[in-house]
Amino acid sequence: MSVLEVRDLVVEYSTVYGVLRAINHLSFEVGEAESLGVVGESGSGKSTLGLSVVRLLPPNARYAGGSIVLDGQEVTRMSNSEARRIRGTTAFMIFQDPLNSLNPVKKVSTQLLEAVEMRCKKLGETYDVEKATREVVEKIRDVRIPDPELILERYPHQLSGGQIQRVIIAMALLMRPKLLIADEPTSALDVTIQAQVLKLMNDLKKEYGMSIMLITHDISVAYNISDRIMVMYAGELVELGSADGVIRSPMHPYAKALIASIPRGVMRDAPLEPIRGSPPNMIHPPSGCRFHPRCPFVMDVCRREEPREVGQDGRVVRCFLYG
Amino acid sequence: MGVKEIVKKFLGYRGTIPTATVVKEGEEERRLSGYRFYLDYLIKDKVAAVALAIITLFTAWSVVEGTLQYVGYATRHRALGWALLPSNPIALNFAASLHPPSLSHFPVYIFGTNFSGESILSRLLYAAPKDALAAYLVVFSGIIIGMLVGTFAGYFGGWADEVLMRVTDAFLALPGLVLAIALSVLLGSGYNSVLISLILIWWPTYARFFRAQALSLKSRGFVEASKLSGQNSLMIILRHIFPNSVDPVIAYAALDFGNVILTYSTLAFLGIGIQPPYPEWGSMSSNGLPYFPQNWWWSIIPGLVIMTVVVCFTLIGDRMQDLIGGRLTY
Amino acid sequence: MQTSTLIYLVRRVINAVVTLLLLIFIIFVLVHTIAPTPVALARIYCGSPHCPPAELQVIIQQYGLSLPLPVQFAHYVVNIFHGNFGIDTLYKVPELQVIGQLLPITLELVITGLIFAVIIGLFTGSIAAANRNNPIDYSIKAVYLVTWSAPVFLVGFILQLFLAYELKLLPPSGLANPTLGNPPPVTGYPYLSAVPQPLQGWLSGLVRAITSPPLIDAAVEGDWRFFVSGVHHLVLPALAIAVTSFGVVTRLTRASMIDALDRDYVKLSFMKGLSKNRVVYGTAFRNAVIPIITLIALLFGFSTAGAVVIEDIFQYHGMGYFTVQAIYNLDYIAILAITIIVGISVIAANLVADLLYGWADPRVRLE
């Protein structure tokens, strides 16, 4: 059984310049204890996807179609109080900017204890401050922060970006969600810290067995900790498959281009190939396949018609090159 | 290159801050900027369009009436100043003393009369050019002085900048109205001394505004590039810093016209500025104070007129700031 | 106290003193530009353009107006720091004495008005932010755009007309019921004699400003009839001040609430499953209030200026009313004294706001 099942999802923003369709007929699922990497450039709708799963879309956005089934519950038609109940314990989302992720005027300990308190309330457990504090300290140790007692007594601005991201992961562990959504959790961090945080997430996934949906623009980050990878372009799925499959033999021209644009360590001779063109205008998207203006293999049919999803053995691709 | 291209290039080059890209299929990217950008948006918004219409009317009337008054004054035919008005604004007519607002003799009594029997409507219309002149003159002088002082301080930095910041701090420490009272009283009562003291207290805000702009612009790519290409500082300031700082100031200035009218009217209310028998919106309101509340219209109607004009300026400024703040863009 | 806090404190105080000195310098320069010669200056001090020449000479001697400018400036500053603002042209008593009696009345009015304004502003601003871009938000915006565009006197007139004359809820004007005698001001501060001489004047002034507003006097003396009447008379003008200034608070509260609501920590609070009210009024509001603190000093200046007009309309005999009298009588000395005292009050309010800011935001202290 899958933790998250998205069918035919459409999300639209209304702006002064018109309606912007950020997610266009998107379908996929995330299995139990599975990790899915969602890859795409900025504006591809990947962050919107994360927010729509936990019902935190900004006020000018709306669900325009499709369904999101999270742990057996339909999210798009939930009331606000029902949505509150799924947040945290069913799905927990962590955000990109570590400097803004913790409340600047409250101590770290207060914010973590709040999480335990909310969890206890939802699961009907009794909340006991001493027990909760012990649990918080333990989880802080779990995310490999030495001197938990010291960190807990600090304000967020006294911590480094890496430390804050770990504190937030600790918060996620305290909430014990079935699905953890991480929106660019490492983009704002130094490369070395990035690697540490990724390793931590990898370890925790194994230890706690939670499903992870990792949203990133960096396909190599996704490869590091994902079982499967989904590539998005202009609000649409373009390729979905096992991490190894997508990385080693990408099928869609956009996925190919993404992988070709990764600098590959010591191989200095390998040509770096940037993707030509610029991201599409989302209010008046290109006709047919949205990638066609930038596609090196463009055909006549690409300009006229939208490609359908084709695939087998869990590999999905949307391109006229493949049937 | 045709005129159209030149204009297009010019418009496209300016306005780095409030721009929006509107792309339609099969159409070239169109960039709106500067006043075009604002105007386009304001006309589309109904409330803002009404406000813009009222302001245009107020300004146009002020130009016409102000010209007549000036020509009348210069040629010693003062009656020219009230040629267009329903009645003579400074003629005593005690038979009509304290006439409440009514439709008889339309439109003379529509806003009632004061103790001397002068039509409030005529007096309001007669006083309008002075308010308009004060608003536009003070804000534009403030912008020009502030632009010169602020841009140079921000661009060159150093001790000049430090001194400027301290001086503006000191100016801004005092409520504008209090300093304006002190200055106008010291300068001696009259319209000119009010204008001078308003300009004196108005520039520091703009100086800080332009200084901040210059500070952020001077490290931007296109300024660095001009420096490297050997342009001198003056050219850089004229070509790049000034044009790029003006856009965000426009929105603030629109709101600020209203602020000037408020301060100017409050000074007039306190008896500073134009002296009797000539009418002034603020002083009309305070002259009615002893007759309040029995003859409420005398005090309240001029206040309402001031409020209407100021609300319109505020609305336009507010909408422009929404645009700049990006709350309406994406 | 940590050293960083101490450094922050000292820096703010120095900043305030420098600003004050510059303000005095600017006023000095402006006065001397307007009246470049000793005789012209003497006319200003005399308070009448038709002053006899003999009297002008006396004034020039008395105030040292023919001395070199730097010396004059030094005297000016020293005089101000001794609380010596000259003799009032009308009442023939030292300015500090007149203003010392009137300032507390105005402070009482302005501070009450400010409290009203901040309460209304925080309330409407956070409601608007929580209901962003829907009719509630737009109506709140419409209301504050109108109130902050309204001239102070119009607001005064309208409130007076409806609340006092039509509905007869509150008395229309005056400080208190005139049949009740003013309570005697609290006098005699024996502990002040321990303070060095030059500071004594200021300190006693400060203590008076804090203890001698008529309402507090009345409360201290237990004169409750006067107190009730005073509060009755205070509400309407204070409300008028609040109406003209709450819009600024609403706008900033709304903006900083929206800013806070867009922050990731608010999303994270939602993620924890906290209720909307707890997130909006607990997490976001707590952060959004911080910038409001700096606004209070600005509002204080704005309201003090507004009080001049309000006190005129409501016959509220404080410093504002005195200012209007000084304008009519061309009492330059009084106006200069008022300007500097208002400047000092606003700078002091700024200092208080800075210190409060440092206290409310753990991040500021360390910078």
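Is B:Cys312 buried or exposed? B:Cys312 is buried, at 5% relative accessible area. Buried means under 20%, exposed over 50%, and partly exposed in between (1.4 Å probe, protein chains only).

This is a predicted model, where local features need pLDDT of at least 70, side-chain atom pairs count only at pLDDT 80 or more, and totals for chains, interfaces and linings use all residues. Residues are numbered from 1 along each chain as written, chains are lettered from A and ligands numbered from 1 in written order, and side-chain values use heavy atoms, leaving out hydrogens and water.

**View 1. Cysteines A:Cys289 and A:Cys302.** A:Cys289 is buried, with a relative accessible area of 13%. Its closest cysteine sulfur, in A:Cys302, lies 5.9 Å away, too far for a bond. A disulfide needs two cysteine sulfur atoms within 2.5 Å. The whole structure has 0 disulfides over all chains.

**View 2. A nonpolar surface patch on chain B.** B:Tyr70, B:Val71, B:Tyr73 and B:Leu80 form the patch. Together they have about 430 Å² of accessible area (Shrake-Rupley method, 1.4 Å probe; for residues, only the protein chains shown count as cover). Patch residues have over 30% relative accessible area and no salt bridge; like charges are joined within 9 Å, nonpolar side chains (Val, Leu, Ile, Met, Phe, Trp, Tyr) within 5 Å. A salt bridge puts a Lys or Arg side-chain nitrogen within 4 Å of an Asp or Glu carboxyl oxygen.

**View 3. B:Leu80 in its loop.** The loop runs between α3 (46–74) and α4 (120–156) of chain B. Helices are DSSP runs (H or I, at least four residues), as are strands (E, at least two), numbered from the N terminus. B:Leu80 is partly exposed, at 31% relative accessible area.
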